[in-house]
Every structure is written in C-alpha cells, then in structure tokens.
Amino acid sequence: MPGIYCGQIVINQKPSGGVRNPTILKSDVKWEAQIVGGSCNGAISFASNNPYVTVDGFELWGAAYDGVNTASDYTTIRNCWIHNNGTNGIGIHNRKSAVIENNLIEFNGMHPQFHHGMYIDGSDHLIRGNIVRQNAGYGIHLYPNIVRTHIENNLVYGQINHAGIILVSTEGGAGIEVVNNTIVNNAFGIEMWRCNDAIIENNILTGNQNAFLFLDVKRVHVNYNLIDPSSEAIGDNDFKGNPGFICAKRGIFWLGEKSDAIGRGNPKTSPVVDLWGKPRPKDRAPDLGAYQFINIPSLDQIVKRWQYSSRFDTSAQSGELPDLCQVPGK
C-alpha cells in the first residue's frame, strides 16, 4: 500500500513461485510505496535460492548499498524509481535471465569507479525501456562476464565520469545486441571489452566525449546509428546528423519533426515498440533511438510549464506535464 517503509525487505527462504507463477512484490500505486533502505545491504534483496521473483512499482532509495540486490536467477525488476542509494541502483551478479524494464534509475552511488546505475553480470538478460541518468559511475554496467544480453529502448544520459553503457566479457560475449537506445552526454557512449559478434544498431549517440571505446573486440557489427563525432562512424549507414531533440537541456530527448533520426533505422533489428510502448511503424524504416517521433502540437507550452514545475504539481496528474515514460497527453 502507499506509504513509507523503513528498513529493507529480505527474502531468505525459497518461495513457491516458478516460471508461470512468480513471487511478486508490488506497489499498489506506482512509486507510492517507498522502501527506505537505511544501513541495509539493499532496499530489497533476496538470496540465491529465490528464482522467479518480480519487484514492481516501488520507490527504492536511501540504502547504504544497492536499491535492489539479488543473487537469484530469473529476476524481474520493473516500473520502479530507484535513486540515491549508496552503491548501485540494481545489483545482479553472476546470474541468468533477468528482465530490467521501465525503471527510472538516477543519482545512485558515491564512487565514480565502482558505483553505477546497474551493475549486472551473467547471461541472457533483457534490459529495456529504462531511463538511466546521472549515476556516479557507468549507467548500465555489464561486467565482468556478460553473454547473450539484449539492450533496447533505453535512455542513458549524464554519466559524466564513464560510459553510458559498458559491456565486458571474459569469454567472448557472444549474442549481445544494443539497439534503439538514446545515449547522450556521457563521457563515452558505448564501451566494450572482449565482446565478439555483437550488434549495435539504430542508436543515437551524441554529446559524448567519444561514441565508442572498443578493446579487444571481434566482429562487432555497428550500423544505422546517428553518431557525433562523425569520425567514429563505422558502418555504411552510420551518419552524423541533428537528432532534433525537443528540449535536451531539460532531459526531454523526444524527437522533433526536423530530427535526422526519423526513418533512418534498420527494421530487421528494431524492437516492435519504443520506450513508451508505442508500436513502431511497419510501412517505413523505424526511427532511431528510444523514442520515435510523434506529433505534439502543444509541446512548447508543455515544456515551458515543466521547466518551472515538479512531478508533484497537480497538473502532472492530468497529463499536461511530460512524463518521460509515457506518451505525452496519455
């Protein structure tokens, strides 16, 4: 129920959940049940004998360590606001098949080298539809041995000390796909070590010190990306252009009508929906990045009001102020 709950939630014993009936911890109202972690390991944590646990809709903050920490397989973390925790927003180490989707992950960590928005290891993970911004180190930190992981429709920006996304493997890292992400204003865009046979397509990488940092990689397919600096373009269909963001200085990275990212993607690798969950068109090439272009006639007025308001403004509840996770006006 809505309210503030002090101290961590811990699952120590194996629950009865499974692939068809997972154990679910859920806030009745999105972000209205707050778990304040205090000096605990994580605001929510569970041990290695707890597969198939879903954490849904909480605000998780104030933990000395991670917002969510798990040593279990088949974890799902969705719809959460994870912020101002001592180390990482999410910590998952040497596990498989996690789903991390539709979360806002910001202002986590105190050390620029070791604390990140996400710190995830293992194989067969799906990371999609998240907004990851202004954490101490990396945004999405997949290390030290990531394999067969799909990263799509994420907005990652403001990681001033490191890359928006880093992928590291000790075994070749086969099966990694990074598609339709908006990666802006980080120290680097995408950093990759010892990963082979990866796909990087349909992304927007602008405002980063460098778009890529590749170390000991082989057969990495990079194409159909909007890249600035253009000198780092690798594929035949990579290009330098104006992403035409609506209001980048306010963190609104939706595409405006003059964006060069409209209709420049590869439909073979593009997800069927965007970050908003809005279906991508089937009759033309998809837009690049996490958000696709939609026509919003009153957007100038919306942005101006948002500049001087907060998410707690009552007008936000009526849909007049933009929610980065929802289609404007919805």
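Strand β14 (residues 118–123) is largely enclosed by the rest of the structure, because six of its six residues are buried (under 20% relative accessible area, with a 1.4 Å probe and protein chains only). Strands here are DSSP runs of type E of at least two residues, numbered from the N terminus. The model is predicted, so local features need pLDDT of at least 70 and side-chain atom pairs count only at pLDDT 80 or more, whereas totals for chains, interfaces and linings use all residues. Residues are numbered from 1 along each chain as its sequence is written, and side-chain values use heavy atoms, with hydrogens and water left out.

Within β14, M118, I120 and G122 point one way, while Y119, D121 and S123 point the other way; all are buried. Two strands are taken to pair if DSSP finds at least two bridges between them. Strand β14 pairs with strand β11 (residues 90–96) in the parallel sense over five bridges, and S123 of β14 stands opposite K96. Five bridges also join β14 to strand β17 (residues 140–147), again running parallel. In this pairing, L142 of β17 is the bridge partner of I120.

These strands belong to an open sheet of nine strands with parallel pairing, in the order β2-β5-β8-β11-β14-β17-β20-β23-β26. Its edge strands, β2 (9–11) and β26 (210–215), each pair on one side only. Neighbouring strands of the sheet are turned by 10 degrees against each other on average, direction ignored (axes are lines fitted to C-alpha atoms, and angles run from 0 to 180 degrees between N-to-C directions). Further along the sheet order, strand β20 (residues 163–172) runs parallel to strand β23 (residues 188–195) and is joined to it by six bridges. G172 stands opposite C195 in β23.

Methods
Helices (H or I, at least four residues) and strands (E, at least two) are DSSP runs, numbered from the N terminus. Buried means under 20% relative accessible area, exposed over 50%, partly exposed in between (1.4 Å probe, protein chains only).
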